[in-house]
Amino acid sequence: MKLKTCLFYLMLLSATGHIHGQVFFPIDIHDGQTIETCSGFFVDSSGGDSLDFYQPGENYQLSFVSNDPERPLLKFTFDFFSLAPGDTLFVYNGVVREAQPYVEDELSGRTVYASATTLTFHFISHDPDDDNGKDDNGDNGDNGDNGDNDDNGDNDDNGDNGDDNDEPNERLGWKAEIACVSQCDLFVVEIDPINGLMNCPDAGGTFAFRAQAEYITDQFDSDPDSFTYSWLIGDTTFEGQQIEYDGFNTPGAYSVYVTATDPATSCEASTYVVFMVGTVPNFNGTNLSVDTVCAEEQFTLHGFANPTLWTGFQTAVIEDDPVFLNRDHPYASSLTFDVFEGAEITEVEDIGRVCVTIEHADYRDVEFFLRSPDGVLLELKSLGGAEGPEVDFINLGEPVLEIDDIPGTGYEYCFAPEAWYGTMYDTSPQIHEYQDNAGNYYAFAYFMPTDGTYTPNQNFSDLIESPLNGTWDLFIEDENDVTSGHIFGWRLMFNEKFYPDSLIFIPEIVEEKWFKNGNALSGNPATTSVEQPGDHDFLFQATDNFGCTYDTLLTIHVLPLPEIEIISELEIPICEGDSTLLTIYPINNDGDHYLYQWQVNGVDLPESTYDTLMVKEPALYTVIVTDTITGCVAFFDLDVTDQNCDLTIPNVFTPNGDGINDEFEILNLEHYPNAQMVIFNRHGKRVFEHHDYYNNWWDGGNAPDGTYFYVLQYARMGEMRYAEGSVTIIR
């Protein structure tokens, strides 16, 4: 031990062994002793000071014995425990029991119980300079370099007081609080919730719980099979080591208590677990970006699953009927708490939020006050408002402006220590549209937003030292005899640190999905479209950390798209140089309420807004069709291409039956239906005639070889044309 540390403890402990009213037992000072005590602190040679260090090369042993016959066993709770590598604290459950070695930080925050009346500690810290009397040169330090028993004359190899090869800050040591316990104090029981500790509301089911009691130490002779167990859930009692309960159906937190008894010693131990039945979330705000959409048009689904808070006590005032508020009818209401066991507000963050659900014609005319149980009156909202638009009304919520006795729609306005907005006085209003509960529509209504919390007009720090338990009052006054509104309720929440699970919890939404026809969509919000007209349902599903799944259904009305067909007068591809008339034919209706706009290659054709279009050039022709009744728009394309339709008429053919050039066939004649062919011999006699020559080719018949003359009559673009010439038969 360092000299200064030793002197410090000698002075403080030589007379009384107390330091500032606490008894300390440093292992070095009490080395070899047996101390009878039930209190105090067992510490290392640094005195349990986490800023000082024990020394290398220590080897001390200290025993403790209880001095309380009714509590004969010892309990050591280690506030901290930090040993350097290689150092060990051995713990003996009795002076002759086998030791349990503890190293480094193994005992930090843990408790050691004696399994005998005596508990012995043996501490050894290694000495990196201990080389059995030899120094670095192996000469026992007697080379006479300095006459000081080692190479440097400083009693170790490095002159560091034996402090080499380890870091001093690794040798913090330990501090353990001493207490005495009885056998029954070491009797404990635990509950195993076999089916878990969560259930969904109205899910039903039977839940099993098993208790297991034991003594913390193994020194006592006991018969676990003889232990008895008594259970309490609500008002229902049970007996036995394992029980079943089927009453967890309603949202809430249910305490499951068990008491175990050892009949041989009459020792009892109790514990409990909290079983939670989740709350049903609300889906307020879940919406479609539009209520009605055209087929194939994209729209967005926004899903909101808002968890519902459960509390085992009242946290909010919910008015059965909205309370009328005006100058002659101020609002006053109270919340009383009795569950916080002496807790008080010590910092502003201890206030969670104060929220008021209200509608009022003009926020500038109302004033909010909160009063604590010890009488502190805090102004949440003052009269007046920030300079802004010169309008008659800046609403809270959605009031019915013209009729006082019809409640409007209340919005919840919250005040919090770390708020999104400044005071309501300093916050600018926003504009929205709404239809009030009397059927009046307001296109540009000013209102105070609710998408964030507000800073109270008077700082929450004024509530410091106010108790949580007691009666909290809310006052709201209207200073204008023209405006009015309604109060729907209010709530007061404190910091969540004050609420154990048995008093309050809120499920966590862990998964959200949209479904279309049973198929999951991607993401939330989700963007999709529907091809078929009609009403289509979309399911929004949310799952919480209780494993409970809830859903809500939204319906969108899908309007049909215009349906038409584009018909070309000529078969496509058309012949080069020809023109064809494109005609729109509506499908399933007469199309009287359709509007048309033609495009060529994606560019509007000016003034081409009719149901026909004459085209000559090859291109992609598009018609944009708008249904003036539904507003739905559809695009229809027709790709007009052309080809070479010039006739190729041979001047010879060989009808010899070999399958090659056996007929007088004219190439491209298929483009000229009903073409008429007349063939004459050299004497002018008609030998062949047909009024639709395509594919009705002349095979020469019985005509002899020789030259024949033909006249082909066909129509192109409505104009009659003729082709004349000669053809020779060679067999």
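This note comments on the disulfides, aromatic contacts and one surface patch of a predicted model.

1. Disulfide count and pairing. The model holds six disulfides. With the bonded cysteines of the protein chain numbered in sequence order, the pairing reads 1-2, 3-5, 4-9, 6-11, 7-8, 10-12. Three of these links are described in the points below.

2. Cys 200 and Cys 548. The sulfur atoms of this disulfide are 1.9 Å apart. The torsion about the S-S bond is about -105°, so the disulfide is left-handed. Cys 200 lies in the loop between strand E13 (198-199) and strand E14 (207-215), and Cys 548 lies in the loop between strand E38 (534-544) and strand E39 (549-559); the pair therefore ties together parts that are 348 residues apart in sequence. Both Cys 200 and Cys 548 are buried.

3. Cys 294 and Cys 632. A disulfide with an S to S distance of 2.0 Å joins Cys 294 to Cys 632. This link is left-handed, with -90° about the S-S bond. Because Cys 294 belongs to strand E21 (residues 292-294) and Cys 632 to the loop between strand E46 (619-627) and strand E47 (633-640), the pair ties together parts that are 338 residues apart in sequence. Cys 294 is buried, as is Cys 632.

4. Cys 575 and Cys 645. Here the sulfur atoms are 1.9 Å apart, and the link is left-handed with -90° about the S-S bond. Cys 575 is in strand E41 (residues 574-575) and Cys 645 is in the loop between strand E48 (642-643) and strand E49 (652-653), 70 residues apart. Cys 575 is buried at a relative accessible area of 6%, and Cys 645 is buried at 1%.

5. Aromatic pairs. The whole structure contains 56 aromatic pairs. One of them is the stacked pair of Trp 310 and Phe 505, at 5.5 Å centre to centre with 25° between the planes. Trp 310 lies in strand E23 (residues 310-311) and Phe 505 in strand E34 (residues 504-505), so the pair ties together parts that are 195 residues apart in sequence. Trp 310 counts as buried at 17% relative accessibility, and Phe 505 is buried at 6%.

6. Aromatic cluster and a charge over a ring. One aromatic cluster has among its members Phe 25, Phe 42, Tyr 54, Phe 121 and Trp 174. The charged end of Lys 175 sits over the ring of Phe 41, 4.7 Å from the ring centre.

7. Surface patch. Leu 232, Tyr 257 and Tyr 272 make a nonpolar surface patch of about 280 Å². Leu 232 is located in strand E15 (residues 228-233) and is partly exposed, with a relative accessible area of 33%.

How values were computed. Residues are numbered from 1 along each chain as its sequence is written. This is a predicted model: local features need pLDDT of at least 70, side-chain atom pairs count only at pLDDT 80 or more; totals for chains, interfaces and linings use all residues. Side-chain values use heavy atoms; hydrogens and water are left out. Patches are made of residues with over 30% relative accessible area and no salt bridge: like charges are joined within 9 Å, nonpolar side chains (Val, Leu, Ile, Met, Phe, Trp, Tyr) within 5 Å. Accessible areas come from the Shrake-Rupley method with a 1.4 Å probe; for residues, only the protein chains shown count as cover. A salt bridge is a side-chain nitrogen of Lys or Arg within 4 Å of a carboxyl oxygen of Asp or Glu. Helices (H or I, at least four residues) and strands (E, at least two) are DSSP runs, numbered from the N terminus. Buried means under 20% relative accessible area, exposed over 50%, partly exposed in between (1.4 Å probe, protein chains only). Rings of Phe, Tyr and Trp (its six-membered ring) pair if their centres lie within 6.5 Å; planes under 30 degrees apart count as stacked, over 60 as edge-to-face and the rest as tilted. A charge sits over a ring if NZ of Lys or CZ of Arg is within 6 Å of the ring centre and within 35 degrees of the ring normal. A disulfide is a pair of cysteine sulfur atoms within 2.5 Å.
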